[in-house]
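Here are a few notes to read alongside the model. Have a look at the chains first, then come back to the points below.

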Amino acid sequence: MLLIPCPHCGPRAEVEFRCGGEAHVVRPAEPESASDEVWRDYLFVRKSPKGVHFERWNHAHGCQRWFNVARDTVSDEILAVYRMGEAPPEVGR
Amino acid sequence: MSQAFRLGSGGRIDRSASLRFRFDGQSFQGHPGDTLASALLANGVHLVGRSFKYHRPRGIMTAGSEEPNALVQLAPAKARTEPNVRATVVELKNGLVAESQNRWPSLGFDLGQLNDVLSPLFPAGFYYKTFMWPKAFWERVYEPRIRAIAGLGVAPAKPDPDRYLHRHAHCDVLVVGGGPAGIAAALEAGRSGKRVILVDEQAELGGGLLALPDAAVEGLDELAALPEVRVLTRTTCTGYYDHNYLVMLERVTDHLAEPDPDLPRQRLWRVRAGEVVLATGALERPLVFRGNDRPGVMLASAARAYVNRWAVRLGSRAVVFTNNDTAYAAAFDLHRAGIEVGCIVDVRPEPKGKLVAEARELGIRIRAGSVVTGTEGPLRVNQAVVAPLDQAGGIGGYLGTVEPCDLLLVSGGWNPNVGLFSQARGRLRFDDALAAFVTGDASLPREQRLRSVGGAAGDFSGFDAPPTPLLPIWAVPSDRRGKAFVDFQNDVTAKDLGLALTEGLRSIEHVKRFTTTGMGTDQGKTSNVNALAIVAETLAKPVAEVGTTTFRPPYVPVTFGALVGHSRGDLFDVERRTAMHDLAVARGAVFEDVGNWKRAWYFPKPGEDMHAAVVRETRQVREAGGILDASTLGKIDVQGRDARTFLNRVYTNAWSKLAPGMCRYGLMLRDDGMVYDDGVTACLDDRHFHMTTTTGGAPRVLAWLEDLLQTEWPELEVYLTSVTEQWATMAVNGPLAREILAPLVEDCDLAAEAFPHMAWRAARIAGVQGRIFRISFTGELAFEVNVPADQGAAVLAAILEVAEPRGVTLYGTETMHVLRAEKGFIIVGQETDGTTTPIDLGMDWIVAKKKGDFIGKRGLERPDLVAGDRKQLVGLLTKDQKTVLVEGAQVVATPTGRVPWPMLGHVTSAYASPNAGRPIALALVAGGHARHGQTLWVPMPGKRPIPVEITAPVFFDPENKRLHG
């Protein structure tokens, strides 16, 4: 079970959190004029990298805040934790 | 029976006390400090079980948790019975009852032994190939028969009477293994003030030291005095998970004859450790030769433990078969205990050093460069055949010489116990000197802060006789046919591995699954390396290239009870009850589970079944009135400057003009355009709204709205609070609704002009300040009364006092479903399934065309969502006016056809409707909106397809006259 460093509460066990999938998926600013392809990609197309993955997590059974995590999907290492709205950091082992 | 095979002195047993136990119906004695295995051996019992597949007689091979053979059934036929328990780890207690497994009629004479003779019929993977014809026989004949003959113990048939606890802990350093390396690591960490947990699976600390003559375990007093060090004995670390999270099983009372009833039987520990020290030692491995499974064949280290720790006279004449030095120490200990050591058969052509000299001094013959090619003996080994190896590693047709023995010690080398290291994702490396897998130096994930020490790290400097130099020999040649076992528990022979390779299997994971080597309760602790090496040898590849199979938790078998802990029976899950629950119970309600809620389902009168009760309730609501406990609906308090903007974005309809005092029904979509939830939201004031959701959707809707506010629209000032449990909600429906409430309500005019449909008013109801919403889910005149939850029961009681004498009844969720279906009102999750749009539901009216963007708006324009042949909500009327359809049944275009029959859709709701006077149903049917008036068919298994007419999904009061009373 992962130990996730909530930026607001500190390290907590994975069971306190809910994973919200890939981070930095941007909802097109003008949905009306977005093409079917753009809208399809926004709705359904997600990365599934082997390696570093940027994902959203919610401290559901704690402060209930959403934040971003950079996690290595192979080793489950947590490489960075950063707040909503912040750009993904440069990470590597 | 006396312990005839107990040595006269020595051992870590308490000779002043005797313990009685039974094995296979026979009574024996042992001493405190014994295991079941040591006590059996002290009584001369070497034959303890029959093997899994061939029913071969088996004895005790090890002295620890890696035991593959000596599996017994404890407390047979009792609720506390436990199958497949390793006799080597069961601490003896007074009154213990054990039975051997997998034999009939008896252990000594087992008819299943015939399998051994017939074994050419059952090679590895035989069940994939034989017993294929006729096909139907597999399920009915072959499999039940095979299962009856093969197999292990008997699962308990009664509920587990014991209690199990879970415990969570944190520590700076977790040391796994209480041998000398583990004790040293714990002392070092403890001295620096760190919080330390030291666990060991045995009853006392010492690990391998306990098997030495006159063992002295140092450091225990200091360990006990360190305040931050916790020592857990009888505790096995079973799993090493991510981020230094480990699970351990503590056997709290298993060893006690009369345990304190306040203590749990076992305790499952979940530990998050700052650092982990793996001091799990090393496991000796056997050698693979013909007849290496006979009772009396034992690992050299195990024999040493039985002689030194438990003072067992294991036999009268031993032969030792080894490829390394460690077995020499065992031979000497046996010799000093008075057991004749016939010879040491050493694979190495020229064994050298101190130990060899010592053997000569003790007069123990060494047969160097030789192997045991096989053994004989019906129920216990009575001779070993020894032959010299030739230059090519064979025996050149030499028949060998017979060495009589009733004990054969074997040592094929030592495997560092790397299971937990591997579970932690550590990489393994094959060490040629040890001929074993050792911990590799490749980096671990950074959160797995661990180090291995002692034998677990391949460091054998603590051994009095280290296992090097070692000459590997993986499959010992033999002069004749016979089984040479690699995996004892699964009856896998060297030949079976060869067969797997002949079949073309190459990956070691595939070989494992084909042959079952390394499976079972021991997970191949004694067999894996031998199996890998034989595969490598056969393929002429280095062992490192073949690799290992994956080590998985648990390290040893774990009782289900320990994993379950308290989560059983009443404590299995949370049960939510509304404030009015007891009133419903008093009126005989039958409840149904909706999420975690208990909701009143229907209220049968004496003699009524469900159908009769629901028919009466549905009539009563429309003829007089009815009251539903609607407290379980989700309620979210929405406040803030931008509350209205927020509602406009999450609902499909417009909220800009909803005035304080008014309510509106809203539909929420996901951004893909599919219906997500629905409910009525009331405007309390311009910046304050009271939102309701479906019962089941309440938590996820709140979480989703919160997600949107935090991540999509952080600029909006809106605060969400769940108030589901703050309010008790009772929906008063029916023609008499106003008259029922009027005498109880103060500060509020219920008259139609003053209190129109879809309005809400603050009011005092039965003296309690609350809110009344004029909203209806039945199509009747209806008021939803909301009062603080703690007043709910009192207010409902007051309402019922007025209502019941006038024929107004409490009704349950089933009647609620029928009434809303009569009106064609959807239920999210019943008429919708995540692929249903509001247009499919015929609810175009609620999708705003003019307002700005909202969640789902763009999604609804996707090409597939505007296609005309989508499944659309319709009503179904069975032509015979009698048959109630089955929810989930398919709808097809023709009464006859060939499977697969093109399916047009399915029934989503179906009820007998007393108010419509016939059965009604809702369905999602392809192009359904254009099919009104058509006849379609609903096929049912074993019946003729039922003809149905497609109609609009409204069956009662289509003009909505009743809503206004």
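**Notes on a predicted model**

1. Let's start in chain B, where an open sheet of 5 strands runs in the order β33-β34-β35-β32-β36, with antiparallel pairing. Strands here are DSSP E runs of at least two residues and helices are H or I runs of at least four, numbered from the N terminus; two strands pair if DSSP finds at least two bridges between them. At the edges stand β33 (663–669) and β36 (719–722) of chain B, each with a single partner strand, so one side of each has no neighbour in the sheet.

2. A word on provenance: this is a predicted model, with local features needing pLDDT of at least 70 and side-chain atom pairs counting only at pLDDT 80 or more, while totals for chains, interfaces and linings use all residues. Residues are numbered from 1 along each chain as its sequence is written, and chains are lettered from A and ligands numbered from 1 in the order in which they are written.

3. Back in the sheet, β34 (675–685) and β35 (688–693) of chain B pair in the antiparallel sense over 4 bridges. B:Ala682 has B:His690 in β35(B) as its bridge partner.

4. What about the two chains together? Their contact (C-beta atoms, placed from the backbone, within 7 Å) takes 20 residues from chain A and 24 residues from chain B. Helix α1 (36–44) of chain A gives the most to chain A's side, with 3 residues.

5. Finally, A:Gly85 sits in the segment after β6 (78–83) of chain A. A:Gly85 is exposed (12 or fewer other C-beta atoms within 10 Å, placed from the backbone), with 10.

Definitions and conventions. A residue is buried if 20 or more other C-beta atoms lie within 10 Å of its own, exposed if 12 or fewer, and partly exposed in between; C-beta atoms are placed from the backbone. Two residues are in contact if their C-beta atoms, placed from the backbone, lie within 7 Å.
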